[in-house]
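Subject: Structure handover

Hello,

I am passing on the structure below, followed by notes on what was found in it. Please read the notes with the model open.

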Amino acid sequence: MASLSDIVPSGVITGDDVLTLFEHARANSYAIPAVNCTSSSTANACLEAARKAKAPVIIQVSNGGGSFMLGKGCKDPDGATAGSVALAMHVRSVAKYYGIPVVLHSDHCAKKLLPWFDGMLKADEEYFSKFGEPLFSSHMLDLSEEPDEENIAICVEYFKRMAPMKIWLEMEIGITGGEEDGVNNENVDPEKLYTSPEQVYAVYDALSKIGPMFSIAAAFGNVHGVYKPGNVKLSPERLGKHQEYAKKMLSSSLSKPIYLVMHGGSGSTDAEIRTAVVNGVVKMNIDTDTQWAYWDGLRVYEKEKHAYLQGQIGNPDGPDKPNKKFYDPRVWIRKAEESMVKRVMVSMDKLSTTGKYEPTEGEAGFPQTGTPKGPSPVVLMAAGAVLGSAATLLIKVLTK
């Protein structure tokens, strides 16, 4: 199969390029880490990790992450949409400098959060009308708490709206346990943590009539949060049964006809992750572990420089010595970023993503490591409009 660097451009990718990326991942048994980001700092850490690992990456934002990106002091009902759009605009502004493919994604959207989803789709449609591609690469609908029939029916209606813009749809059937971003499944019936092949195929049958650009988060005992390996009863081998059933029903020549997604992977063993990937998982969500890594970088720095962080003036070097170079946010935030970069790269190793993409030259001090590929005309056009568009949206939200 062709090298990924030859068939997928660098920068934020959408449409057919996203499909090509996931096809390549499925065929070559690797998965792409999808990291929840809440700020430009965490997004930049993901981009840096991908650049260093020579790998594609998925940057995703949750409803709570979008609200945080806008600012917790703003209580506007459309705040999550505005913040999510702002993060997407930031990533679009800087991704081309890193020389690797980036998928922009929105994470879990439960039924009660559909207004947020609608707002992002409206932003996609406005962006599409100007630049010929959507703002985001993909979105996730998580209606797994609803009856299967309702879950699938709502996904079908949204997918019909997304398909003309070639936006990827991720949906969930079966429940991921634990708690994340306000969605609490800590007391769910354990049987609901395991999706059946028939459930998965019902989703495939409904969505494939609209288009090929969708993936399924099928539960196999996954739990959000962090747990010691072995404490969560994962059964990734069940994913192979989903593929076998779909292959049989479709008489498909593909051994893995369905694009699958893994949620709640914190604390999973390397063997469990590998089994999931071999069985068709092309995307794995990373959140809890990278949150810890970001904090841990700051924790270590504060411990090391504690005596220099107790006041603006005065430290072990003298009572009149200034401490600005120690408490400057650019110093301690950078320590957090460096720690997060390392953890994202660990996930890329575990998912066999490392080394799959030869970065393009980029700009901003990155050395050339591959054949230069300039950003697409669409990205070049978008770059000039990014800040103005984000500011306009935020102003509308804050002044309505």
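Lys160 is partly exposed, with a relative accessible area of 46%. Here buried means under 20% relative accessible area, exposed means over 50%, and partly exposed is in between (1.4 Å probe, protein chains only). Lys160 forms a salt bridge with Glu157, and the closest N and O atoms are 3.5 Å apart. A salt bridge is a side-chain nitrogen of Lys or Arg within 4 Å of a carboxyl oxygen of Asp or Glu. The two residues are three apart in helix H7, so about one helical turn separates Lys160 from Glu157. Glu157 is partly exposed too, at 48% relative accessibility.

Before the rest, some background. This is a predicted model, in which local features need pLDDT of at least 70 and side-chain atom pairs count only at pLDDT 80 or more, while totals for chains, interfaces and linings use all residues. Residues are numbered from 1 along each chain as its sequence is written, and side-chain values use heavy atoms, with hydrogens and water left out.

Overall picture

The protein has 14 helices and 13 strands. Helices (H or I, at least four residues) and strands (E, at least two) are DSSP runs, numbered from the N terminus. Of the 400 residues in the protein, 54% are buried. The protein exposes about 17100 Å², of which carbon and sulfur atoms supply 55%; accessible areas come from the Shrake-Rupley method with a 1.4 Å probe, and for residues only the protein chains shown count as cover. Among contacts with a separation of 6 or more, 72% are between residues 24 or more positions apart. Contact means heavy atoms within 4.5 Å.

Other salt bridges

By the rule above, the count comes to 19 salt bridges. One of them joins Arg334 to Glu48, with the closest N and O atoms 2.9 Å apart. Arg334 lies in helix H13 and Glu48 in helix H3 (residues 40-53), so this pair ties together parts that are 286 residues apart in sequence. Arg334 is partly exposed, with a relative accessible area of 28%, whereas Glu48 is buried at 12%.

Lys209 forms a salt bridge with Asp205, and here the closest N and O atoms are 3.1 Å apart. Lys209 is exposed, with a relative accessible area of 62%; Asp205 is partly exposed, at 33%. Elsewhere, salt bridges that share partners join Glu48, Lys52, Arg334, Glu337 and Glu338 into one network.

Helix H2 (residues 16-27) has 12 residues. From its first C-alpha to its last, H2 reaches 16 Å, close to the 16 Å expected at 1.5 Å a residue; the expected span is 1.5 Å times one less than the number of residues. Its buried residues are Val18, Leu19, Leu21, Phe22, His24, Ala25 and Arg26. They pack against helix H1 (4-7) and against strands E2 (32-36), E3 (57-61), E4 (101-106), E6 and E11 (281-286). After H2 comes Ser29, whose phi is positive, near 55°.

In helix H8 (residues 197-207), Val200, Tyr201, Val203, Tyr204, Ala206 and Leu207 are buried. The elements covering the buried residues of H8 include H7, E6, strand E9 (214-218) and helix H9 (237-250).

Positive phi angles

Most residues other than glycine have a negative phi. Two further residues with a positive phi can be listed beside Ser29. Lys166, not a glycine, has a positive phi of about 55°. Lys166 sits in the loop between helix H7 (148-162) and strand E6 (168-173), and is partly exposed at 37% relative accessibility. Ser352, also not a glycine, has a positive phi of about 60°. Its place is the loop between helix H13 (329-350) and helix H14 (377-399), and at 25% relative accessibility Ser352 is partly exposed.

A strand pair

Strand E12 (residues 313-315) and strand E13 (residues 318-322) run antiparallel and are joined by two bridges. Two strands pair if DSSP finds at least two bridges between them. Ile313 has Pro322 in E13 as its bridge partner. The hairpin that joins E12 to E13 passes through two residues.

Regards
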